[in-house]
Amino acid sequence: MSAKYEILKFLVKALNLKKLYFGGNDEDFIDSKRKLNARITVPDLQDDEFNISQIQVMGCTVLKLIHKKKVNRANMFIIGGGMVIAPRAGSIKKALRFAKETGLDLYIPYYPLCLDYPISKAYEMIHETYKEMLKDYDEKNISILGSSSGGNLALGLVSYINDGHKDVPMPAHIIALSPGTCVNSEEEWKRMLELEKKDVMVPADYMKRAVDIMRHGDNSVPDYMIWLQKGDFTNCPPVTFIYGSDETLYACAPSFEHVMKRYGVSYNMIVGKGMFHCYPVFPIVKEAKEGWKQMVQLAREA
């Protein structure tokens, strides 16, 4: 590990980001996220290479970054936030950089959060956004990239399509960065508790608390939306998983490998040694910059 990375880990631990983002009782947690989201707006981006616009899908904003020089390939870029935090301006700027470096048009959904809705509402909106993309792009030219809870929606879209929503074809490729899924077995929980000792961002107990948050009082929410490991991945396109070896969610990687093999899915499991949660989208140290380049290359080739 580079010296800069070791310093960064020390600072993150000192700031106690686990407590900042995931601490407190449920009521205080939800209240703090409402206050945070009240300060988040869709940024007014300007760039000479893109036509940047907004559309509404189910009353939610989708930010479109479309190259002025026409391309025929697009990506749905689903930004995470524990299903409780909306995409922030810094993440949108990274998305613009991603669009530039990949040469892909981008659709960035501001999906419904579990502060106000069950996760099923977010799935429905992602599905409808994908249908919007299919109006302008062939499914063979559409990839889906999701980070953290966005990774849940990206990968889970396959199960959603299989769950009575076969009005759309499968996309060409899914890139799931540290997909957010809850603990489904005692074995996963034990692995997660061990990894938590190294994780500087996501506490293990959030992946139990998140069950009630994602249900939002609706017990009819399909299990696969909360436990992706239970999903139906029939006809799933190729999937690339990217984890850091030092994050709690890596505990679920073996379960995903098992389910991918069970459904005969072509998949690749990339693990950044010593890296943190969703490290490729935080390219501020040498190791994470390498992850960013790898992610961009994967999207180019998808």
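This is a predicted model: local features need pLDDT of at least 70, side-chain atom pairs count only at pLDDT 80 or more; totals for chains, interfaces and linings use all residues.
Residues are numbered from 1 along each chain as its sequence is written. Local features need pLDDT of at least 70 and side-chain atom pairs count only at pLDDT 80 or more, whereas totals for chains, interfaces and linings use all residues, and side-chain values use heavy atoms, with hydrogens and water left out.

Strand 7 and strand 8 (residues 267–272) pair in the parallel sense over six bridges, pairing being assigned if DSSP finds at least two bridges between two strands. Strand 6 (residues 173–177) also pairs with strand 7 in the parallel sense, over four bridges. Here Ile-174 stands opposite Val-239, and Thr-240 is the bridge partner of Ile-175. Strand 7, helix 10 (residues 253–262) and strand 8 make a right-handed β-α-β unit; right-handed denotes a clockwise path from the first strand over the helix to the second, with the strands pointing away from the viewer.

Six of the six residues of strand 7 (residues 239–244) are buried, that is, under 20% relative accessible area, with exposed being over 50% and partly exposed in between (1.4 Å probe, protein chains only). In a regular strand the side chains alternate between the two faces of the sheet. Val-239, Phe-241 and Tyr-243 point one way from strand 7, and Thr-240, Ile-242 and Gly-244 the other way.

Eight strands form an open sheet of mixed pairing, in the order 1-2-4-3-5-6-7-8. Strand 1 (50–57) and strand 8 are the edge strands, each pairing on one side only. From one strand to the next, the twist averages 15°; axes are lines fitted to C-alpha atoms, for helices over the stretch in contact, and angles run from 0 to 180 degrees between N-to-C directions.

The structure holds 13 salt bridges, each defined as a side-chain nitrogen of Lys or Arg within 4 Å of a carboxyl oxygen of Asp or Glu. One of them joins the side chains of Lys-131 and Asp-167 (3.2 Å, N to O). This pair links distant parts of the chain, 36 residues apart: Lys-131 lies in helix 5, and Asp-167 in the loop between helix 6 (149–162) and strand 6. Lys-131 is partly exposed, at 28% relative accessible area, and Asp-167 is likewise partly exposed, at 47%. In the salt bridge between Lys-197 and Glu-194, the closest N and O atoms are 3.1 Å apart; Lys-197 is exposed, at 62%.

Definitions and conventions. Helices (H or I, at least four residues) and strands (E, at least two) are DSSP runs, numbered from the N terminus.
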